[in-house]
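Please keep the sequence and the 3D view open while reading.

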Amino acid sequence: MMNKLLEAGKIVSVFGLKGEVKVQPWCDTPDFLCEFDTLYYKSGTPVEVERARVQKNIVVMKIKGVDSVEEAQKIRNRVLYLDREDVELDEDTYFVQDLIGLKVIDLNSGREYGVLTEVSETGANDVYHIKSENGKMYYIPAIPSVIAETDVEGGVMKITPLEGLFDDAEEIR
């Protein structure tokens, strides 16, 4: 089951004297976080965003009802969530949270390589961390020539690995 609420960022500090907060965005870009009028706490409680702007890599946000430094201090370290239904992802774009735990198999042979455990952003392209059954880590670039098919509902990612990548892996039957 896919989570309805997805982690979007964390309130890290107070900004100014009028209750604004600095939010560390956990999205591809800080601008993405500024697009939401409503975010949520983990409990599902809605958080109304009066305004938000990007300052360097941080989002400065004014949350309705938080009007002083003291009130802003109280919500420090809280994680903000977005509702996946408020987001329209481009085709072949996924939430990292949905990719974690996918079984990674070979498109052609059906050989199982392991489970996707983490996604790293390198700048050029994301890198998927694949953990094999015996605990060895493999790293594959998230590029169209490697990632053949992503089936989030089915829990499977089919890949065409770069030559030599899994040569040291024992055959798993």
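In this predicted model, valine 119 stands opposite tyrosine 128, a residue of strand β9.

**Strands β8 and β9**
- Strand β8, covering residues 112-121, runs antiparallel to strand β9, covering residues 126-131, and six bridges join the two.
- The hairpin made by β8 and β9 has four residues between the strands, and within this hairpin glycine 123 takes a positive phi near 110 degrees.

**Strands β9 and β10**
- Strand β9 also pairs with strand β10, which spans residues 137-141, in the antiparallel sense and over five bridges.
- Here valine 127 is the residue that stands opposite proline 141 of β10.
- Five residues lie between β9 and β10 in their hairpin, and glycine 135, located in the turn, has a positive phi of about 90 degrees.

**Domains from the UniProt record**
- An unreviewed UniProt entry places the feature "domain: RimM N-terminal" at residues 8-86; this span is 13% helix and 48% strand, with its end C-alpha atoms 12 Å apart.
- The feature "domain: Ribosome maturation factor RimM PRC barrel", likewise from an unreviewed UniProt entry, is placed at residues 97-164.
- Across residues 97-164 the chain is 4% helix and 50% strand, and the end C-alpha atoms of this stretch lie 28 Å apart.

Methods. Residues are numbered from 1 along each chain as its sequence is written. This is a predicted model: local features need pLDDT of at least 70, side-chain atom pairs count only at pLDDT 80 or more; totals for chains, interfaces and linings use all residues. Side-chain values use heavy atoms; hydrogens and water are left out. UniProt positions are given in the numbering used here, feature names are shortened, and annotations may be inferred rather than shown by experiment. Two strands pair if DSSP finds at least two bridges between them.
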